[in-house]
Structure formats: C-alpha cells, structure tokens
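Please look through the sequence and the structure shown here, and keep both at hand while reading the explanation.

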Amino acid sequence: MLELILDLCNLVGGFLLAIGLLALLPRAGDDLGRFAARLAPFGWIVGIAALVCGGYFLIVHLVSGPHVFHFEIVGIAVGVLLLWDRLRAGALARRLGGTGELPASGAQGAGLVLAVFGIIAMIVGLQGLLTPD
C-alpha cells in the first residue's frame, strides 16, 4: 500500500511541479492549469506523504537491501520541493535580500528546472504504477 502512495505522490507532485510547462500545451493547457489550481492547496499533503513514504523505503532498502531504488530518491525530492516554502528559513533569506522561495514552475529561468524535474517525477510515478511489486 505504501508503494502505491509513493507512486501516486510522485505522479501528482510531478504534475504540480511541471504545470508551468504543461500549461503551454496548445489545447489542454488551460484545463490543466485550472485543475492544478484546484489541486495546489493540497500540495503540502502530497509533499508530506512523499517524504514519509520515500524516507521509509530509503531506510528499509539501506538497511535490508537489495539496493536503493530511484522511486525513493525522486519521492524525497518531490516532497522537499513541494514543502520548500514551509521548510525554508524565511527570515534569514529575507535579510539576505531574497524571498527565499523557489521560483514558480515555468517555461523559463530557474522554474524550468522544476518543471523538467516534475516531468521526470511524473514518468517515475507512472513507471512505479505499472511495475509489478
């Protein structure tokens, strides 16, 4: 059951991170943007679930093997990226002149890196759903 939750977190979290690129699709972009806007308030829940499940499987596979899988690493990264604004030290970042926030997932600049990672996370989540346990 935890494997399914981790795969769904990778899929949904990747979608939330990649919406900047997905919104540029010619016919589906507006609909995907509206869906992501409805889903975005629950992104922190997806982030916590991804961190918990990814961390659990990372510990289990480090201790008892066989090896660390990419599903866990991507899940932990998705969780950290979705929870970045809650995990950061905002006061220190504001004192240093920046906002301390991750750039919005977009089609240019640093947000492009988030969007590409989101696409990768979606592919990993889909692979996890289709891979037999």
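Predicted model: local features only at pLDDT ≥ 70, side-chain atom pairs only at ≥ 80, totals over all residues.

Residues are numbered from 1 along each chain as its sequence is written, and side-chain values use heavy atoms, with hydrogens and water left out.

A search of the whole structure finds two aromatic pairs (ring centres of Phe, Tyr or the six-membered ring of Trp within 6.5 Å; stacked if the planes are under 30 degrees apart, edge-to-face if over 60, tilted otherwise). F15 and F35 form a tilted pair, 5.6 Å centre to centre with 50 degrees between the planes. Because F15 belongs to helix α1 (residues 2-22) and F35 to helix α2 (residues 29-39), this pair ties together parts that are 20 residues apart in sequence. F15 is buried at a relative accessible area of 9%, whereas F35, at 45%, is partly exposed (buried is under 20%, exposed over 50%, partly exposed in between, with a 1.4 Å probe and protein chains only). Y56 and F57 form an edge-to-face pair, 5.1 Å centre to centre and with 70 degrees between the planes; here Y56 is partly exposed at 43%, and F57 is buried at 10%.

Helix α3 (residues 43-64) and helix α4 (residues 70-82) pack at about 145 degrees with their axes 7 Å apart, where axes are lines fitted to C-alpha atoms over the stretch in contact and angles run from 0 to 180 degrees between N-to-C directions. Helices are DSSP runs (H or I, at least four residues), numbered from the N terminus.

Methods
Helix = DSSP H or I, 4+ residues; strand = E, 2+ residues; numbered from the N terminus.
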